[in-house]
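Q: Please take a close look at one helix in this structure and at its packing against a neighbouring helix. A few individual residues elsewhere in the chain may then be described for context.

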Amino acid sequence: MEIVIMPTAAEVGIAAGAEIIRLVTAKPDAVLGLATGSSPLGIYAELARAKAAGEIDFGLVRGFALDEYVGIPMDHPQSYAYVIRTEVVEPLGLNPATVQVPDGRAADILTACERYESDIVAAGGIDLQILGIGANGHIGFNEPTSSFASRTRIKTLAPQTLADNARFFDRAEKVPTHCLTQGLGTIMRARQIVLVAQGEQKADAVAAAIEGPVASRWPGSVLQHHEHVTIVIDEAAASKLELADYYRYVHENKPVWQR
Ligand code: F6R
């Protein structure tokens, strides 16, 4: 696990965005796993800046969203299909035909989830999965006690997640109670993972993911078993890490060939 602590939230997006730019430069048709929510917005802004500056072209990049609410229309501004289109596909110039979001409106949810998994495999797997983390430690919408082997499926959102996401809806009761999410097993199959977190409210989840025991109580902790994870956080999100100074030291002394 590589842990990068940036002085500010704005710098988190720039540093994490650099990982994606590096990948797409080497592999223009890379498959990205796309998180929504507020955490990755700085990454998408950095990628849009790099595209506008002519530094990179995302035209061949393919994508799979991490999750979607169940039961809200695709054109609802809080549906993740809408967010992925307006925050990622359009600004970065991705081909909408090669970007998928789980179908939270499917009549047959089980088949839709199985098809999502097989489409990821058919695309050659996810090269780089972008993740945020919930205050309760969820990644994707794999709430505490999700199975480490889980695949894309329907989940019930935890009360804390409903409360946290109420800020995106005009009334708290309007937050859908269910979602489709890539499983922890799906996420762990990505070849590279970049997780971003900003703010004090994420400090417990970040500390549990990085330094806690690997336990489904804190789903982010499963990432300790992944071979290529970069966690980019600001000072506030890093504030409960016991070994923060050690991570800074390691980052500053990263072998030249790995930079
Ligand atoms: C979003 C997702 C969630 C969020 C998490 C943090 O696609 O899968 O795990 O990353 O809930 O949300 P924000 O970034 O809004 O704090």
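A: In this predicted model, helix α1 passes α2 in a right-handed crossing. The axes of α1 and α2 cross at roughly 60° and come within 8 Å. That angle makes α1 oblique to α2, because the roughly parallel class is limited to angles under 35 degrees and the roughly perpendicular class runs from 65 to 115. On the α1 side, the residues that meet α2 are G13, I14, A16, G17, I20 and I21. Their partners in α2 are G42, I43, E46, L47 and A50. By class, the contact of α1 with α2 comprises 7 nonpolar, 3 polar and 1 charged residues.

Helix α1 itself covers residues 9–26, which amounts to 18 residues. From its first C-alpha to its last it reaches 27 Å, close to the 26 Å expected at 1.5 Å a residue. Its buried residues are V12, G13, A16, G17, E19, I20, I21, L23 and V24. The cover over these buried residues includes helix α2 (41–52). Strands also contribute to the cover, among them β1 (2–6), β2 (31–34), β6 (128–131), β9 (192–197) and β10 (229–234).

N165 belongs to helix α5, residues 159–165. N165 counts as buried because its relative accessibility is 9%, against a limit of under 20%. Setting aside neighbours within four places in sequence, N165 is in contact with Y69, Y80, F141 and V175.

R105 sits in the loop between β5 (99–100) and α4 (109–122). With a relative accessibility of 51%, R105 counts as exposed, since the exposed class begins over 50%. Apart from neighbours within four places in sequence, R105 is in contact with G71, I72 and P73. The C-alpha atoms of R105 and A236 are separated by 37 Å, and the two residues lie 131 residues apart along the chain.

T145 is located in the loop between β6 and β7 (153–156). Its relative accessible area is 60%, so T145 is exposed. The backbone of T145 has a phi near 80°, a positive value in a residue other than glycine. Most residues other than glycine have a negative phi.

Conventions. Residues numbered from 1 in each chain as written. Predicted model: local features only at pLDDT ≥ 70, side-chain atom pairs only at ≥ 80, totals over all residues. Heavy atoms only, no water. Helix = DSSP H or I, 4+ residues; strand = E, 2+ residues; numbered from the N terminus. Expected span 1.5 Å × (residues − 1). Buried < 20%, exposed > 50% of the residue type's maximum accessible area, 1.4 Å probe, protein only. Contact = heavy atoms within 4.5 Å. Axes fitted to C-alpha atoms, helices over the stretch in contact; angles between N-to-C directions. Parallel < 35°, antiparallel > 145°, perpendicular 65-115°, else oblique. Left-handed = near helix turned anticlockwise from the far one by under 90°. Nonpolar A, V, L, I, M, F, W, Y, C, P; charged D, E, K, R; others polar.
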